[in-house]
Protein chains: 2
Amino acid sequence: MPELRHDPIQRRWVIISTERGRRPDDFLIDNEMPPGTFCPSCEGNESKASPEIYAIRPNGSSADGPGWQVRVVPNKFPVLKVEGELDRHAHGIYDAMNGVGAHEVIIETTRHELHLAETPLAQLELVLRTYRERLRDLLNDRRLKYILIFKNYGLAAGAALAHPHSQLIATPVTPKTVALELQSAMEHFNVKERCLFCDIIRNELDQGVRVVATNDHFVVLTPYASRFPFEIFLAPRRHRHDFAAITEEEIRSLAEIFRDSMRRIKIALKDPPYNFVIHTIPNRKSTNRATYWQTIEHDFHWHIEILPRLTRMAGFEWGSGFYINPTAPEEAAQFLRDIEL
Amino acid sequence: MPELRHDPIQRRWVIISTERGRRPDDFLIDNEMPPGTFCPSCEGNESKASPEIYAIRPNGSSADGPGWQVRVVPNKFPVLKVEGELDRHAHGIYDAMNGVGAHEVIIETTRHELHLAETPLAQLELVLRTYRERLRDLLNDRRLKYILIFKNYGLAAGAALAHPHSQLIATPVTPKTVALELQSAMEHFNVKERCLFCDIIRNELDQGVRVVATNDHFVVLTPYASRFPFEIFLAPRRHRHDFAAITEEEIRSLAEIFRDSMRRIKIALKDPPYNFVIHTIPNRKSTNRATYWQTIEHDFHWHIEILPRLTRMAGFEWGSGFYINPTAPEEAAQFLRDIEL
């Protein structure tokens, strides 16, 4: 059973997950994706993968067989596990809890070689709908405080499989990064009665220099204080706090601008490794602090962060929490805007 | 001039440093250290490096010539620059300031191929004394809030040069990571009138399972909530808040246990890439909040964090602030303890 541990100095939670290799020899570093041998995510190989949690099967095909368009399976090496009690406890002077949660793999297509930037819009809409449906389902589990959807593409971005996939990890504490965003947004709202994210989006649309693209429902920016070169912030133009409540119209609009953004990055940076993460609200059902949830729909704003992995974290970054970004966000935005699609 | 920018959502400062390359082609990723051609850090090549800021020259040799034992030069591509005014200002809805600070390279030896784990103790003591002297000198600059000493070893840990070197970056704000440690330590002290770090060290010495080594003055632990496999925490056993006040006796003791730790890591993990950082107190002279400084000597405790770079940060870690550590710290400590030196 993996374990969550809290560091009283940095005040952060760590997952101790000893099943993923732990001997020194397990860490020999290699920068190549493993050669394309057998792929358990390809259509026809379902029996070699874990039983599916969810799938889109328009022709009524059977679970764990071919005929799917998007398929969700448990991660074979889960960071957190669905079974078990949370068991929050003190461990001497420290704090701990069991590694209860969920870790799922969203197989985005049957096509092994398909890049997100080349995915047909109808297929990308299915993927986004799958995100929404998995969120809605998992939000019923009151042990889960937060559900983070993310993608790792390329070995340097932490991908272990070549087949197009994203992942979902549900955690029994609200992640530090999200908690800080919620706190910032709440304090901003308390003073101004405005959403911090709405203020930023309006400012950026007025200024224009960091805008990469817009459409009816969404805006794509390079953040003013981007951590990474060519970092992208994608958010609804209007105030929306909950990804699980995304409408069909918004999904169509999001698929369009999301693929557009991925194309710009792929062309500009020659198919770089990247991560993306979706930040939405925590699970309302997981806490009794009802007063808090009365405000969150006004002060938080869901968004997607797309992070090309072009720079390395080194001692200074680890030791300080600073990031060194060698590209001005205004220049990154200009470059991405100017890409011919 | 590089620029510091503050992100109002994550509440972190970012350095926009456009001089380090910024076109997409500048980011093509390579995992090999560049082949050993001309080395400006080797003895005899001083004229090809920047003029020295500090050097240990026991034979009275001239600055910027051979005859040194340890040499400190400005970084040729500084992240922050010594010249200029801080100029804190608002930029629309955002906050900014100039990238004033310092970025120095500490050349640890004349011997190009020498690993820290093989460095003679007398030489390592010179390096540690150099750290202390550079701290003492820079602490006179009231613009500098913090001075972070760190080392990057190996390309995956962010090293750009093969010649043994560490670095120092002085920043005009207290880094987020350090500020959080200071806050945690202060809040602990406010309640308990004890140092948080002293409490942890005592607990670990009592328990023993995460202790790697001890000597007269220092203890080496794997932290209870280690972020990384084989992460090491090295600290004075007795309460010491200020690295700049380290005594000669402590330097001798530190050199011994520090080299010992690096040897354990080098042998256990087959010469891995690593970072280390020294966390000491901020610059007392840089602020007028005198009341704060009356307590810091009681509540903070300097330490060194040694971080072998064996795992990759991926979407989940970036999006959540969680770290996934696949090795229990107790097993890491056991493994490192059992290494035959």
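Guide: The secondary structure of chain A comes to seven helices and 15 strands; helices (H or I, at least four residues) and strands (E, at least two) are DSSP runs, numbered from the N terminus. This is a predicted model, in which local features need pLDDT of at least 70 and side-chain atom pairs count only at pLDDT 80 or more, while totals for chains, interfaces and linings use all residues. Residues are numbered from 1 along each chain as its sequence is written, with chains lettered from A and ligands numbered from 1 in the order in which they are written.

Visitor: What share of the residues of chain A count as buried?

Guide: A residue is buried if 20 or more other C-beta atoms, placed from the backbone, lie within 10 Å of its own, exposed if 12 or fewer, and partly exposed in between. Of the 341 residues of chain A, 48% are buried.

Visitor: Why is strand β12 of chain A described as largely enclosed?

Guide: Five of the five residues of β12(A), residues 232–236, are buried, so the rest of the structure largely encloses this strand. I232(A), L234(A) and P236(A) point one way, and F233(A) and A235(A) the other.

Visitor: Which strands are joined to β12(A) by bridges?

Guide: Two strands pair if DSSP finds at least two bridges between them. Strand β11(A), residues 218–221, runs antiparallel to β12(A) with four bridges, and V219(A) stands opposite A235(A). Three bridges join β12(A) to β14(A), residues 303–308, also antiparallel; here F233(A) faces E305(A).
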